[in-house]
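Please open the structure in your viewer and keep a selection tool at hand. The tour below moves from the whole chain to single residues, saying at each stop what to select and what is there.

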Amino acid sequence: MFYYGDHGGVLARSKRYVYESGTRVPFIVRIPEKYKDLFPAEKPGSKVDRLISFVDLVPTLLSITGVDIPDYLQGDAFLGEQKTKDPEYAFMFRGRMDERYDMSRAVRDKKYRYIRNYMPHRIYGQHLEYLWRAPSIRSWEQAYKNGECNKDQKKFWEPKPKEELYDTENDPWEVNNLANDPEYRGVLIRMRAANKNWITGIYDTGFITETDMVEIARNIPMYDYMRSGKINLELIIEAAEVATQGNPENISALQNYLKDKDRSIRYWGALGLLLLENDAETALNELKTALNDESANVVSVAAEALYRMGEKEVAREALLSVISRSNEFGRCYALNTIDVIQDSNTLLIDGVINVIKSVPDQSRNRYDMRAARVLLDKWGVDLAEYDINLDW
């Protein structure tokens with residue numbers, strides 16, 4: 001029998017986060033005496049020092065039941081005849097968390113944790129309707145607004161570094177980021193390479209936005225689509241790596257990405273220019289052209305970049321066009337953008353209200369509705385005045 005938890009904890013920076021506090025869970029295996037040949041250690045009650053992940057469960061069950069493990073399974077068996085040697089790494093993923101978008105990948109060996117943030121402009125503490133029901137996160141947020149947090153406590157409410165590296169033995173709470181420390185350069189390069197090999201080897205779907213997934217794959221399962229030869233994932237990953245470096249010397253490459261035939265590469269081109277803020281003013285015309293892109297996320301990212309450059313009117317119009325589209329994920333992404341730019345223009349308020357009223361199902365199960373409700377709460381809109389019921 002397997003006994004385990006589904007995530008580390010319930011406080012902020014645990015569930016949904018790729019830190020030790022969010023990804024390390026209790027895991028106990030009970031093996032009856034009659035099956036002692038499966039014991040992973042000499043004595044019952046022993047602690048087994050092996051990195052395992054939830055993806056290892058199915059291969060392990062197949063291994064102990066004598067069924068061949070298919071090649072397409074990602075995990076490794078940790079018991080039975082098909083047990084593998086101890087893996088060097090465990091891998092973790094962070095994507096959309098309910099109504100909020102982020103993207104991080106993490107690698108853990110027995111001593112270090114490496115995190116690659118592909119949306120470093122988004123703070124850790126994005127407002128989640130579910131999480132914000134807890135008084136603890138609300139008090140932390142208020143303390144930050146009051147200027148009562150120290151430098152480490154403030155990090156949760158500020159943009160992220162593109163890379164993080166922690167010595168989990170000497171820094172178990174993963175506070176001291178060693179990514180820029182020359183002494184750990186070798187560890188950084190090694191774990192960075194492990195991340196690159198993993199995301200490439202499993203055809204990581206996260207490098208294609210959720211909005212675009214449903215439009216390009218249509219009825220084809222994403223697993224099959226990623227292996228169909230219809231996309232060049234390595235080029236998309238390369239674009240993501242270049243875009244998220246935040247290097248002004250890459251402006252020319254980012255402008256070319258924005259003109260690429262692949263919408264995923266265009267997305268990363270737009271995001272790279274957004275990260276450069278005013279350093280990307282030479283790409284102003286390309287960003288304005290991107291406001292007509294078929295990809296809703298390309299439009300949203302380009303609109304945010306333009307908004308930050310002072311082109312607020314065209315940015316608002318573009319975001320309003322996206323939230324009127326039928327793609328629920330595209331709307332949710334755009335609503336995130338409207339929240340981040342902190343614009344309470346009447347046109348945006350009316351646009352969000354119209355979106356809510358146009359959707360028959362206004363339940364909490366819809367993430368675009370959650371994002372919309374947060375906006376209306378921030379704007380102080382009286383929902384009853386518009387005959388809107390989002391009382392969940």
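What follows begins with the whole chain and then visits individual sites.

**Before selecting anything**

This is a predicted model, in which local features need pLDDT of at least 70 and side-chain atom pairs count only at pLDDT 80 or more, while totals for chains, interfaces and linings use all residues. Residues are numbered from 1 along each chain as its sequence is written, and side-chain values use heavy atoms, with hydrogens and water left out.

**The whole chain**

Show the protein chain as a cartoon, where 16 helices and six strands can be found; helices (H or I, at least four residues) and strands (E, at least two) are DSSP runs, numbered from the N terminus. The C-alpha trace spans about 70 × 45 × 45 Å along its principal axes. For 392 residues a compact globule would have a radius of gyration near 21 Å, and the 23 Å of the protein chain agrees with this; the radius is taken over C-alpha atoms, and the globule rule is 2.2 Å times the number of residues to the power 0.38.

Colouring by accessibility, you will find that buried residues make up 49% of the 392, where buried means under 20% relative accessible area, exposed over 50%, and partly exposed in between (1.4 Å probe, protein chains only). Of the contacts (heavy atoms within 4.5 Å) between residues at least 6 apart in sequence, 62% join residues at least 24 apart.

**Helix 8 and Thr244**

Select helix 8, residues 233–243, which is mostly covered, with eight of its eleven residues buried. Among them are Leu233, Ile236, Ile237 and Val242, and the buried residues of this helix pack against strand 5 (112–117), helix 5 (185–201), helix 7 (222–226), helix 9 and helix 10 (263–276).

Next select Thr244, in the loop between helix 8 and helix 9 (251–257). Thr244 counts as buried because its relative accessibility is 2%. A polar atom of its side chain lies 2.7 Å from the backbone oxygen of Ala240. Beyond its neighbours within four places in sequence, Thr244 is in contact with residues including Arg116, Tyr118, Lys162 and Trp268.

**Lys160**

Move to Lys160, in the loop between helix 4 (151–154) and strand 6 (163–167). Is this lysine buried or exposed? Lys160 is buried, with a relative accessible area of 7%. Its side chain makes a polar contact of 3.1 Å with the side chain of Asp102; such a contact is a pair of N or O atoms within 3.5 Å, where within protein one must be able to donate a hydrogen and the other to accept it, and residues adjacent in sequence count only if both atoms are side-chain atoms. The side chain of Lys160 also reaches the backbone oxygen of Met119 at 3.1 Å.

**Two glutamates with positive phi**

Most residues other than glycine have a negative phi. Select Glu174, which has a positive phi of about 50° and sits in the loop between strand 6 and helix 5; Glu174 is buried, at 1% relative accessible area. Then select Glu277, with a positive phi of about 50°, in the loop between helix 10 and helix 11 (284–290); Glu277 counts as partly exposed, at 49% relative accessibility.

**Last stop: Gly310**

Finish at Gly310, in the loop between helix 12 (296–308) and helix 13 (312–323), which counts as exposed at 52% relative accessibility.
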